[in-house]
Amino acid sequence: MRIIVIGTGLAGLTSALKLREAGHHVDIVTKGWGGLLLSSGTLDVYGWRKDGRPISEPYAAIDELVDAEPTHPYAAIGTDAVREGVDWLRSTTGLFAEADDHNVLIPTAIGAVRPTLAVQNTMVPALVEDAKKFLVVGIRQFRDFPAAFIADNLARTPLAKIEARSVTISVAPRKPEADSTGTTFARAFDGTAGLDGPATRDALVHELRAHVKDDETVLLPAILGFSPDAYAEISAELGVPVGEVPVPPPSIPGRRINDLLIQRCRDKRVDISLNAEVVGFEAEGKHVTALKVQRAGRVTTDKVDAVVYAGGGLESGAIHRDSYGEIRERVFDLPLAFLDAEDPETTGVTGNVVVDGKDIFGSGVSVNADMLALDGSEPAYDNLYCVGSLIGGARPWSEKSGEGIALGSAIAATRAILRKKD
């Protein structure tokens, strides 16, 4: 089968690789790199209940969620697909620590504590557990990690009994910069882009040695290189546990996942058309036969047997709100579903986020168990599969379910396509 995947987020890359591994001809069309570059690099399946309580067993809690909210994406995806997706990503990338079916607690970039199912190996020492003592290390040249604020918040968390103190050191990855990005730091620790890796790692270790106590775990911003070698050397040299804490984008842990999946796509000969946009399509009845793709100023008509639509939601432009306030799916004009607003008075930095009592950020496409986009109770097209944050009915930012929905929907869609082939 000839399959085109739209989008290079976690859902799109997972779908493309799973289908290519099954022997299909797969191409990816994308305007730019996907949301992994903005993600924390952890795997959120289901973290918070609506009452603010953390969830310990996310897979078990999904079943309870589906009973209470039958329009939630997990009702169509199913727990089994989510579990398979998480296991596949862990085994494919090798980045993640061993995990059971329980959430762990990880600090955020402001010292809040949140649950997640799986963290990268570099984050394991940073897990929040009773009786731990943390030394939170800020770097003057990296502004997105307020160490004193983080330490104070960690010490106050009601989710665990811990101690935390802070220190701020100076490490200049690229002189004379006084304000460097996480990407610059990662390259410096790796020793790429003409930067001196050994010298930068030595400078960090030298600065830290005067502050570290034997019974403490050092918390550093998650900028310790794209390669695991830099982290391993820093940890070994210090002789105490060192844990990375996710920070705001650009996300180094997210890019680690992204780069590994992109490289795997290239190794598997999945063609990725970057700076390309699907601007239209052709269909025979309810069957999509071709996509119109704009590349380098010209539009081509690409024949397809199936389409996996992983273009994201309102935040990426796949779902568009025009100047009149009308919200629509951009390419196929698919019907959208909306969540009722939790708070009708909610506003955002760009104005109202509630329209006619509906939460526009909860908007998205409805799907059946095969991830086919629905028009009412029937598929809009018999070969248009929607995955990831394009699917509506959830608030992944507050319930912490983003990676679970992305991976689970990708698995459910690829299963359906493989069944159709058989």
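The model is predicted. Its largest nonpolar core holds 82 residues, and another core, of 47 residues, lies apart from it. Five strands, in the order 9-2-1-13-23, form an open sheet with parallel pairing.

**Nonpolar cores**

- In soluble globular proteins, nonpolar side chains tend to be buried together.
- Within the largest core, of 82 residues, the residues with the most contacts are Val45, Leu89, Leu261, Leu291, Tyr309, Phe332 and Leu334.
- Helix 11 (residues 402-421) supplies the largest share of this core, namely 8 residues.
- The separate core of 47 residues includes Val136, Leu238, Val245 and Val247.

**Contacts of Tyr309**

- Neighbours within four places in sequence set aside, Tyr309 touches residues that include Ile6, Ala318, Glu329 and Val331.
- Phe332 and Leu334, which are listed with Tyr309 among the residues with the most contacts inside the largest core, are also in contact with Tyr309.
- Further contacts of Tyr309 are made with Leu384, Tyr385, Cys386, Val387 and Leu390.

**The open sheet**

- Strands of a sheet pair through backbone hydrogen bonds, either parallel or antiparallel.
- Strand 9 (271-273) and strand 23 (384-386) are the edge strands, each pairing on one side only.
- From one strand to the next, the twist averages 20°.
- Strand 1 (residues 2-6) pairs with strand 2 (residues 25-29) in the parallel sense over 5 bridges.
- Ile4 stands opposite Asp27 of strand 2.

**Helix 1 and the sheet**

- Helix 1 (residues 10-21) lies across strand 1, strand 2 and strand 13 (306-309).
- Helix 1 runs at about 165° to strand 2.

Definitions and conventions. Residues are numbered from 1 along each chain as its sequence is written. This is a predicted model: local features need pLDDT of at least 70, side-chain atom pairs count only at pLDDT 80 or more; totals for chains, interfaces and linings use all residues. Side-chain values use heavy atoms; hydrogens and water are left out. A nonpolar core is a set of buried Ala, Val, Leu, Ile, Met, Phe, Trp, Tyr and Cys residues joined through side-chain atoms within 4.5 Å. Buried means under 20% relative accessible area, exposed over 50%, partly exposed in between (1.4 Å probe, protein chains only). Helices (H or I, at least four residues) and strands (E, at least two) are DSSP runs, numbered from the N terminus. Contact means heavy atoms within 4.5 Å. Two strands pair if DSSP finds at least two bridges between them. Axes are lines fitted to C-alpha atoms, for helices over the stretch in contact, and angles run from 0 to 180 degrees between N-to-C directions.
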